[in-house]
Amino acid sequence: MKKAISILFLILLLSPTQTVWGKAKKDMIRLSYFRPIFGHVHRNPSKYSSSLTTISCGHPVKVYKLTPTKGRAVTLFNKVWHYVKVGPYEGYIDKKYLASSKPNCFQDRYPKFFDSLELDLTELYYWGRLYDQYVFGKSRVR
Amino acid sequence: MRKMILIVILFSLSSVAQEKKKSHLDFDSIKSVLKNDFLTEEARKNRKQEVELDKAKLAKKKGQYNSPDRSDFWTFFTEYWLVKNATILKWDFEKPDYALDDSFKFFLEKLGYYEKTFRILLVNTPNITHFALPSNPNEYLFIVSVPFIRTLDLTKLEISLLLFEDMLRADSGYFVKYVSTDDLRQLVGKNFYDKKKINLKTLKNLATKYDEIIFDKGFNFQQQFTITKKMDHILKTDLQLWNMYYKMLQKIDDLVKSNVLYKKYNQIYPSPELQMNWLRPKKTIQ
């Protein structure tokens, strides 16, 4: 047990988030808005990483630039993930889900219809996960 | 006598005074003043503005009770169905990146299908193999089973062929036609301000219809024949693709005949064997 705890402690100590980005300087670069109907703020820059919170379309999101003590400033992690702050949560959101202006959300266009579905928390969670799991594509313009 | 004269004088004076007072309260004279100051016009404008404001408020309130129209409804409801069936479909799982976005994109472009937006959801169950679910116009929403593509060892190109076949089914509107009911038509794109609540039973029935077509009924022979002939027609421009499609149907046919997990496939897509027959060129007797 002691061994397991010490290994876990070592992993946490050596993890890149702790060593490089833990003490990084955080500068807000813009305010964005969440685009899909629901989604997650992830603990790490990966769609499979755990969710810190579920947010809905139109939610304001503060996007940050991280400057480590040594090295260059980073705005995108793994090419697609923005470091963000949403309320008390600090995590990562895929860049394709952030809009520069408030999107025209389904929930806002059809509020009573949406409310009448009475979605529970698990369903909201799954709806957000749906947007983590989708593979999006579009064939080019002729 | 003097007294009488005094009373008459006093009375006449008071009547003159009263008349004078009347003339002070003469509304017509006030009206003309107001008219000259444009105050009545202003009051009329204000009243009109208030009425318009009330109308706008009511319209806004009523607008909140709009149901999504056809251009917004299908993707929303399909996602709702996916969320409700998350545990059955098992789409929330970790999997390798198959790069299907790029392969299907190139496939579509190769065949001349431009500006097609699609999303693919991989599911971790053999209960459903592949499907194009109803979605908003100019969008496609596919589900593909990872166990199915792994068992068949399908290549990216073969998966693209499967997706393309589903795309043609979606374009033909078979799914939407099957699940659409009169109740649904009464709901989509309508306003329910008077009722205040939507009939949830309609959506429940719609979800049941989704289950029916996806897990049980599937498509009929006529629909399959039409789609297979369309595939034949389109793929004949590229014989390599046509051959690949034919061989893929052979693979699926072998699988559904040998693996009990996929015995329902023929019920949903009747049937790979028939499809091959329809594709095979007819022998001419000389």
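**Chains A and B: questions and answers**

Biologist: How many bridges join strand β9 (residues 135-138) of chain A to β1(B)?

Modeller: This is a predicted model, where local features need pLDDT of at least 70, side-chain atom pairs count only at pLDDT 80 or more, and totals for chains, interfaces and linings use all residues. Residues are numbered from 1 along each chain as its sequence is written, with chains lettered from A and ligands numbered from 1 in the order in which they are written. Strands (E, at least two residues) and helices (H or I, at least four) are DSSP runs numbered from the N terminus, and two strands pair if DSSP finds at least two bridges between them. β9(A) and β1(B) run antiparallel, and the number of bridges is four.

Biologist: Which residue is the bridge partner of A:K138 in β1(B)?

Modeller: Take another pair of these two strands as a guide: A:G137 stands opposite B:F118. For A:K138, the partner in β1(B) is B:T117.

Biologist: In which sense do β1(B) and strand β3 (residues 139-145) of chain B pair?

Modeller: Seven bridges link β1(B) and β3(B). B:T117 stands opposite B:E139, and B:L122 has B:V144 as its bridge partner. The sense of the pairing is parallel.

Biologist: What is the order of the strands in the open sheet?

Modeller: The sheet has four strands with mixed pairing. β9 of chain A and β2 (130-133) of chain B stand at the edges, each with a single partner strand, so one side of each has no neighbour in the sheet. From one strand to the next, the twist averages 20 degrees; axes are lines fitted to C-alpha atoms, for helices over the stretch in contact, and angles run from 0 to 180 degrees between N-to-C directions. The order is β9(A)-β1(B)-β3(B)-β2(B).

Biologist: What angle does the direction of α6(B) make with that of β9(A)?

Modeller: α6(B) packs on the sheet and touches β9 of chain A together with β1 of chain B. Its direction and that of β9(A) make an angle of about 25 degrees.

Biologist: How many of the seven residues of β1(B) are buried?

Modeller: Count C-beta atoms, placed from the backbone: 20 or more others within 10 Å make a residue buried, 12 or fewer exposed, and anything in between partly exposed. β1(B) is largely enclosed by the rest of the structure, because its buried residues number six.

Biologist: Which element gives the most to the side of chain B that touches chain A?

Modeller: In all, 32 residues of chain B are in contact with 22 residues of chain A; contact means C-beta atoms, placed from the backbone, within 7 Å. Elements giving two or more residues to the chain B side are α4, α6 (100-110) and β1 (117-123). That side has 17 nonpolar, four polar and eleven charged residues, where Ala, Val, Leu, Ile, Met, Phe, Trp, Tyr, Cys and Pro count as nonpolar, Asp, Glu, Lys and Arg as charged, and the others, Gly among them, as polar. With six residues, the element that gives the most is α6(B).

Biologist: At roughly what angle do the axes of helix α5 (residues 121-133) of chain A and helix α4 (residues 70-84) of chain B cross?

Modeller: A:E123, A:Y126, A:W127 and A:L130 meet B:E79, B:L82 and B:V83. The axes come within 9 Å and cross at roughly 115 degrees.

Biologist: Is A:E118 buried or exposed?

Modeller: A:E118 lies in the loop between α4 (111-116) and α5 of chain A. Its phi is near 50 degrees, a positive value in a residue other than glycine. Because A:E118 has 8 C-beta neighbours inside 10 Å, it counts as exposed.

Biologist: What is phi of B:D153 near?

Modeller: B:D153 is in the loop between α7 (146-152) and α8 (156-172) of chain B. It counts as exposed, with 8 C-beta neighbours inside 10 Å. Most residues other than glycine have a negative phi. Phi of B:D153 is positive, near 55 degrees.

Biologist: What radius of gyration does chain B have?

Modeller: The C-alpha trace of chain B spans about 145 × 45 × 35 Å along its principal axes. A compact globule of 286 residues would come near 19 Å, by a rule of 2.2 Å times the number of residues to the power 0.38, with the radius taken over C-alpha atoms. Chain B has 37 Å.

Technical notes: Contact = placed C-beta atoms within 7 Å.
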